[in-house]
Amino acid sequence: MIPLRRRTVLQASAAIAGAPLLLTACGGSGPEEDDGGDLVLWFPGTNPAEQTFIDDVVIPAFTEATGRGAAATYIDWPDMSTRLNAGFSSGTGPDLYGHGPAAVADLVGFDRVEPLDGYLEQMDEEDIADLRTGLDSGMVDDVSYLFPIASTGRQVGYNAAHFEEAGLDPDTPPTTFEELKEAADALAVRDGSRLTRAGIVFDTQPAGMQQAFTTMLWANGGELLSEDGTEVLFNGPEGVEALAWYVSLYQGDAPVDSGLGGTWDGLPPAQSPLVTEDTSMLFADSSTFQQIMSAAPDMDLRFMDVLAFEGSEPAAFGGAATGLMINPDSAKKDAAWEFITLIGGAELNNRFAEEVGHVPARESAIESDYVQESPAIATTVENSEHFRSNPNVPGWTRIRDTLAGHLEQALNAQLSPQVALDGAAVEVGAILAEHGGARRPISPPPPRGPRAAEATPPSAAGRGRDAAVPSTRRAPAPGCSWWRRRFSTSSCSSWPRWSTASC
């Protein structure tokens, strides 16, 4: 029995309208006998370093171990779903393919991915434990479908020199969100009412907002959905308090984040607000920080452990970034598993991470020289037990984007946190109901706790509980060059295209 840490329940529907994978449930008459030919792999992304490692290291190792060849095709992330749809429907799909956790539930719902539990049971328990966080990201109905080969995790990076200038000790950074806000207040620099240097910047691209809020929600003891995936829970008191804290970064008499309406997504690392010193702290993923450190090698950039709200446990968005899945129609399932065990094994996975710049999928990688010499990577690996992925439920990307739309209105003080989350809960409940997986959203109790009093920002007061204002983005802060990059149409917030899998 594979040990489980949490579970997500899938109730498949007849159709998944608007889902990123518009799949067909039919894929031929089933697998034929393995002919011993080449294994066919479709890999997401066009990162040259990934391609070189797979072509020059993994495939030769696979051939040596099995006596057969393998052919890899590299497909840009935005095109991956279209290619898979065509391949599945025509019976010409790959034996093995890469994707991210956001796609798993829909793939399972249409029987487009092979369960891995039978294979995982062949592995040692220590091996399973070493991969636990990433494996959790690819589970549906307590069954594993995705094998992680790269991880991710959101964390706060900070300029230690700015801490010293503000009278803060860079050796004892914040450990709670309350302390983080206090530090951001101290670090923010203003010219009158104008914020010239933010205390902290969060990405305000839709997926980035959802990941940030979800991090705060979990760190405040809340949940997005019920354990069985049927009820919306994010509009309870924990969610309202978390969103009120998030809103306080932008609203009130002394905001500390000037980032609403802009994003650094797609900018060269040298133009990151952390590198240009438009902010003292940044909430991002470790691969982004790796690039920032390369662009600004003289910056004393340090990293915080995963944060919690006072009285709760640390938690943050993370888990598997990219994983491999087996086509259930393939006649080469065992060969596909052999390939997975090679690139997912401790030796090659650590080399893969180092040569490409990823976070290794295994917690034991903390002992490797690569991780020890990469502070951003090391902090992510050290905190891996606190990272969690989004729920694996059908229609997840619609749910994510719906929630983000309501979060945006709250952050712009167009709706109170409670009203924004209640509105999102109704829409998300309807999406879940389309797939047979939701009851009517629960009615939350009144906000409570020390942050509940902040649930209605001053600019939203007096509008009434049901006030709704069309979303408009705030004008950029003068003098911030990174603002000039308007919102991207990409589905995720970090620069490396491979990390879109983690949404």
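## Two helices side by side

Let's start with a pair of helices: helix 1 (residues 48–66) packs against helix 13 (residues 346–356) at an angle of about 155 degrees, and their axes are 9 Å apart. Angles over 145 degrees count as roughly antiparallel, so helix 1 and helix 13 are roughly antiparallel to each other. Their crossing is right-handed. Keep in mind that this is a predicted model.

Which residues in helix 1 and helix 13 meet? On the helix 1 side you'll find Ala49, Glu50, Phe53, Val57 and Ala61. Facing them from helix 13 are Leu348, Arg351, Phe352, Glu355 and Val356.

## The whole chain

Now zoom out. The protein chain has 17 helices and 13 strands. Of its 503 residues, 59% are buried.

Here's a handy way to look at how the chain folds back on itself: take the contacts between residues at least 6 apart in sequence, and 78% of them join residues at least 24 apart.

## The nonpolar cores

The largest nonpolar core has 70 residues. Helix 17 (residues 417–434) supplies the largest share of the core, with 8 residues. Apart from this core lies another one, made of 33 residues, including Ile59, Leu324, Ala335 and Trp337.

What is Leu243 in contact with, once its neighbours within four places in sequence are left aside? The list runs Phe213, Leu407, Ala410, Leu411, Pro417, Ala420 and Leu421.

## A threonine tucked inside

Next up is Thr279, which sits in the loop between helix 10 (237–248) and strand 10 (281–285). Is Thr279 buried or exposed? Its relative accessible area is 0%, and buried means under 20%, so Thr279 is buried.

Where does the side chain of Thr279 reach? Another is the backbone oxygen of Ala198, at 3.4 Å.

Not counting residues up to four places away in sequence, Thr279 touches His162, Arg197, Ala198, Gly199, Ile200, Val201, Pro273 and Leu274.

Conventions: Residues are numbered from 1 along each chain as its sequence is written. This is a predicted model: local features need pLDDT of at least 70, side-chain atom pairs count only at pLDDT 80 or more; totals for chains, interfaces and linings use all residues. Side-chain values use heavy atoms; hydrogens and water are left out. A nonpolar core is a set of buried Ala, Val, Leu, Ile, Met, Phe, Trp, Tyr and Cys residues joined through side-chain atoms within 4.5 Å. Buried means under 20% relative accessible area, exposed over 50%, partly exposed in between (1.4 Å probe, protein chains only). Helices (H or I, at least four residues) and strands (E, at least two) are DSSP runs, numbered from the N terminus. Contact means heavy atoms within 4.5 Å. A polar contact is a pair of N or O atoms within 3.5 Å; within protein, one must be able to donate a hydrogen and the other to accept it, and residues adjacent in sequence count only if both atoms are side-chain atoms. Axes are lines fitted to C-alpha atoms, for helices over the stretch in contact, and angles run from 0 to 180 degrees between N-to-C directions. Angles under 35 degrees count as roughly parallel, over 145 as roughly antiparallel, 65 to 115 as roughly perpendicular and the rest as oblique. A crossing is left-handed if the near helix is turned anticlockwise from the far one by less than a right angle, and right-handed if clockwise.
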